Amino acid sequence: MDATVFLQQLVNGLSIGLVYALVAIGFTLIFGVLNVVNFAHGEVFTVGAFGGLLVITMLAPPLWVVLLLVLLIGGFSGFALERLAFRPFRRFADEASLKSKAMREATLLSSLAVSIIVRELLELKFSGEMQTIPQSFLLQSPIALGPVLITDGNLVIFGSSALMLGALQYILFRTRVGMAIRAVSNNVLGAQFVGIDTNRTIIATFVVGSLMGGIAGIMVGLYQGAIFPHMGFEPGIKAFVAMVMGGLSSPGGAVICALIIGVSETFATQFVSDGWKALVSYGFLLLTLWFFPSGIFATRKEKM
Amino acid sequence: MARHLNRWLILALVVVLVGLSMANKSYLNQVAITTMIFIVLTASLNYVTGTAGLLSLGHAAFFGVGAYAAALLSTKAGWSFWFTLPAAGVITAAIGIVVALPTMRLVSIYFAVATLGIGEMLYVTMLNWVGLTRGPMGIRSIPAIELPGAKALGLSSTEVSMLAVALVMLASLWAMHRLSHSFYGNSLRALREDDACADAMGIDIARLKLEAFAVSCFFAGIAGALFAHTTGYISPESFRFGESILVLSMAVIGGLGSLYGSVIGAVVLSVLPEALRELGSFRMIVVGLVLFLSILFLPRGLLGEVSALDLVRRQLRRAPAAGGRRRW
């Protein structure tokens, strides 16, 4: 493999890795505050893509407006998801029941149920086929960067992911909402003692996580030119793997692992056929669980 | 009384299913056969997830391993159903043990994640190992089930399938009932409730987990063999993550930890989509809604596990009526 191909694949791998990273952040934030895996997160990704598509076909605004509107849609879907699938099961606010095993199992299954319903509704409305995206919005026009050919989709993904990750860093460490999220994720009871409203914090977590998931959805849709009701499954699983590798509730670790997964998956296509590519991430998952049972970047004691 | 009620319930279900088969409509026969296969599959998932408390998110893949084992043994090696059935179970259990060995140390959500990964790996293998599994084309013309002496009795081939599947289902349910309603089953429940405590009581938890997983995979393999021989055609699409979730939903709706619940859950979720066929594409939505509502309003399922404490309470309440004798 010569240097050009290497660079080319690196760019592609990093783009897809960044998308996984954006999805994985939502997983880790939500796991942090509730200790539960949100199985409907892949559907937030899909909803972001379809929302973007609707905006494009109805209004046809410039790309940055599309992205902003998708942010809104993603945030709203996170809010709705929390209300539907998580809030009804939270009858008590103390830590013991907030992060209890029964809660975890109930919300895991309820988020699964919501994801089934959302996916089937989308399929009913839009049919299971790939959607047609207006040509002018496809992020596939090539840009020659020396010998390496990238597309404007790569640039958009790099740019907006960097922006989103920076914003996330700012929100988590510089704003009251972010501090509340970190506090609840660290110690619910302690957070309540200092007057943090756990319910509002949980909603904020879902909104922030889903913003990222939704925008990842529309970017992948335009970059790969494929928007369909089942599109959330694969990035969902990959992001899930990244979350586990990163130590479940560490957003930084999840981002790094998502990039590792994206890049190694892309390089794997050089050696094996496309179908076997999926084994790479599951292989990583099992190796991680084998050698680092609580994730590579796990910082604090796991609370299972 | 409650136990007898449950047994009658199962018997009634069997009668209904057999009755459906005798209705002499191949569509109803097919529904009944599928339902019975899903009963075995759900009960096997319930054994590991409900009784032993190990959430498995890749169960459909083991179902698939059993189906492929039976299909390949019968089409390539020419084995008959009664040999492929146990072979499929044993092969699935063996593969289950091999892939699950490294995950046995994992607890709770990590175990669930690992089974999800294993399930997807098995699916990807089924899809891409074209040399063995013919990949997405699937395996066709798997011979149907044959019973000795069926011709003499004048049974049609669907009736033979029905009978054989019903027999295997009853045998599997009986075996799983014996396993889970015993001291051995109680040690599995101890593992579910608190594995550290079970460990301290001298239970070998790693071995117990492995055994529970192997038993569960064995019966999933049996269900897979039934599926392969009754449909005659299998392809990897039937063994994806979504199918695992469907089976999990069946176990949850029926009540995790309860064998009877699994039977009810499997029946509800297999018959409901068929009954709602007129609704067309709405039926999966209805399944999702049923799952959601049952978690919300029936957290223990339609026919949940009766806890030991409840049993004692019931005994105490009934005691005066039974002649004032307190039976413990």
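In chain A, strands β1 (residues 142–145) and β2 (residues 148–151) run antiparallel and are joined by four bridges. Strands here are DSSP runs of E with at least two residues, helices are runs of H or I with at least four, and both are numbered from the N terminus; two strands pair if DSSP finds at least two bridges between them. Within this pair, L145(A) stands opposite V148(A) in β2(A). The hairpin of β1(A) and β2(A) has two residues between the strands, and G146(A) takes a positive phi near 65 degrees there.

A word on reading the model: it is predicted, so local features need pLDDT of at least 70 and side-chain atom pairs count only at pLDDT 80 or more, while totals for chains, interfaces and linings use all residues. Residues are numbered from 1 along each chain as its sequence is written, and chains are lettered from A and ligands numbered from 1 in the order in which they are written.

Now turn to chain B, which has 15 helices and zero strands. Of its 328 residues, 48% are buried, meaning that 20 or more other C-beta atoms, placed from the backbone, lie within 10 Å of the residue's own.

Where do the two chains meet? Here 26 residues of chain A are in contact with 29 residues of chain B, a contact being two residues whose C-beta atoms, placed from the backbone, lie within 7 Å. On the side of chain A that touches chain B, α5 (101–126), α10 (233–246) and α12 (278–291) each supply at least two residues. The largest share, 11 residues, comes from α5(A).

Finally, the model scores ipTM 0.79 and pTM 0.82.

Conventions: Buried ≥ 20, exposed ≤ 12 C-beta atoms within 10 Å, placed from the backbone.
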